[in-house]
Amino acid sequence: MNIFQRLREHHRFRESIFLGILTLICVSLSIFRLVYSETRVFFFLNWNLFLAFVPWALTSITISSRRVHARSHWVVFILMGIWLLFFPNAPYILTDLFHLRYDQLTMPIWFDLVLILAYAWTGLLFGFLSLWDIERLLAEWVHPKLVTALSVSLLFLGSFGIYLGRYLRWNSWDLITEPFRLIYDIGDRIVNPFEHPRAWGMTISMGIFLNMIYWSFHFIRNRSTRKDY
């Protein structure tokens, strides 16, 4: 049985189509901007969206693959480790709003605002849906309350990853290419937190914001399944 049949079995086909449509809309807006303005401003959003897609792809394959499910727990934990490495890329696109400036526009500011928000929203969906998958995997081994606590923690870890990417310009693959420098930067901010107020200010603020959105999705999903509405 191929991966597409597994996706259909696990109710992933409609989800994949929906996310594909959103991605197509984003790319179309980006191409329109490129052609109309004759500049590549914000074209990098396509790469950022691809990186946001990676964690969703990883968890979709994991959830849909019976072979992976049947193997030892360490296989799933390795996949979850890779997922965590890429997960910050999903909400990271929100910070691309920093590039929205009046003095650098080649298009109306409202268009660029819609463009960035479209990519940010699609990236968030990739990230949040993949986190739901992580919760499903964790629920097989740990108590539901612990799963909730882990989800909250993962969102804060993702926020710290956003800081590393936005301000220190680290990428997911730098853990392989330059692990010691990356570990040093992370360790310095843990050991000397008061010397890096922006690091923890952004991590905490963004973590709170991501938790607000994520648990709002949970609330909406649970509300829709209740029979007393």
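**Entry 1: Overall make-up**

In what order do the elements of the protein chain run from the N terminus on? I read the order as α-α-α-α-α-α-α-α-α-α-α. I noted that the model is a predicted one, in which local features need pLDDT of at least 70 and side-chain atom pairs count only at pLDDT 80 or more, while totals for chains, interfaces and linings use all residues. Residues are numbered from 1 along each chain as its sequence is written, and side-chain values use heavy atoms, with hydrogens and water left out.

I then looked up the secondary structure, which comes to 11 helices and 0 strands. Helices (H or I, at least four residues) and strands (E, at least two) are DSSP runs, numbered from the N terminus.

I looked up burial next. The protein chain has 229 residues, and 42% of them count as buried. Buried means under 20% relative accessible area, exposed over 50%, and partly exposed in between, with a 1.4 Å probe and protein chains only. The accessible surface of the chain is about 13,500 Å², and carbon and sulfur atoms account for 68% of this surface. Such areas come from the Shrake-Rupley method with a 1.4 Å probe; for residues, only the protein chains shown count as cover.

I also looked up contacts, where contact means heavy atoms within 4.5 Å. Of the contacts between residues at least 6 apart in sequence, 78% join residues at least 24 apart.

**Entry 2: Helices H7 and H8**

Two packed helices are described by the angle between their axes and the distance between the axes. At what angle do helix H7 and helix H8 pack? I found an angle of about 145 degrees for H7 (residues 109-139) and H8 (residues 144-166), with the axes 10 Å apart. Axes are lines fitted to C-alpha atoms, for helices over the stretch in contact, and angles run from 0 to 180 degrees between N-to-C directions.

On the H7 side, the contact is made by Phe128, Leu131, Ile134, Glu135, Leu138 and Ala139. On the H8 side, I listed Val147, Leu150, Ser151, Leu154 and Leu155. Sorted by class, the contact has 9 nonpolar, 1 polar and 1 charged residues. Here Ala, Val, Leu, Ile, Met, Phe, Trp, Tyr, Cys and Pro count as nonpolar, Asp, Glu, Lys and Arg as charged, and the others, Gly among them, as polar.

**Entry 3: Salt bridges**

How many salt bridges does the structure hold? I found 4. A salt bridge is a side-chain nitrogen of Lys or Arg within 4 Å of a carboxyl oxygen of Asp or Glu.

One of them joins Arg33 to Asp112, with the closest N and O atoms 2.6 Å apart. Arg33 lies in helix H2 (residues 13-37) and Asp112 in helix H7, so this pair ties together parts that are 79 residues apart in sequence. I noted that Arg33 and Asp112 are both buried.

I also looked up Glu178 and Arg181, whose side chains meet in a salt bridge at 2.5 Å, N to O. Glu178 counts as partly exposed because its relative accessibility is 30%. Arg181 counts as exposed, at 53% relative accessibility.

In a further salt bridge, the side chains of Asp188 and Arg189 meet at 4.0 Å, N to O. Both Asp188 and Arg189 are buried.

**Entry 4: Positive phi**

Most residues other than glycine have a negative phi. Glu38 is found in the loop between H2 and helix H3 (45-64), and it counts as exposed at 70% relative accessibility.

Arg169, also not a glycine, has a positive phi near 65 degrees. Arg169 sits in the loop between H8 and helix H9 (174-177). Its relative accessibility is 51%, so Arg169 counts as exposed.

Is Leu51 buried or exposed? I found Leu51 in helix H3, where it counts as buried at 7% relative accessibility. Leaving aside neighbours within four places in sequence, Leu51 is in contact with Phe86, Asn89 and Trp173. The C-alpha atoms of Leu51 and Gly123 are separated by 8.7 Å, and these residues are 72 apart along the chain.

Val152 has its place in helix H8 and is partly exposed, with a relative accessible area of 27%. Beyond neighbours within four places in sequence, Val152 is in contact with Asn211 and Trp215. Between the C-alpha atoms of Val152 and Leu210, 58 residues apart along the chain, I noted a separation of 9.1 Å.
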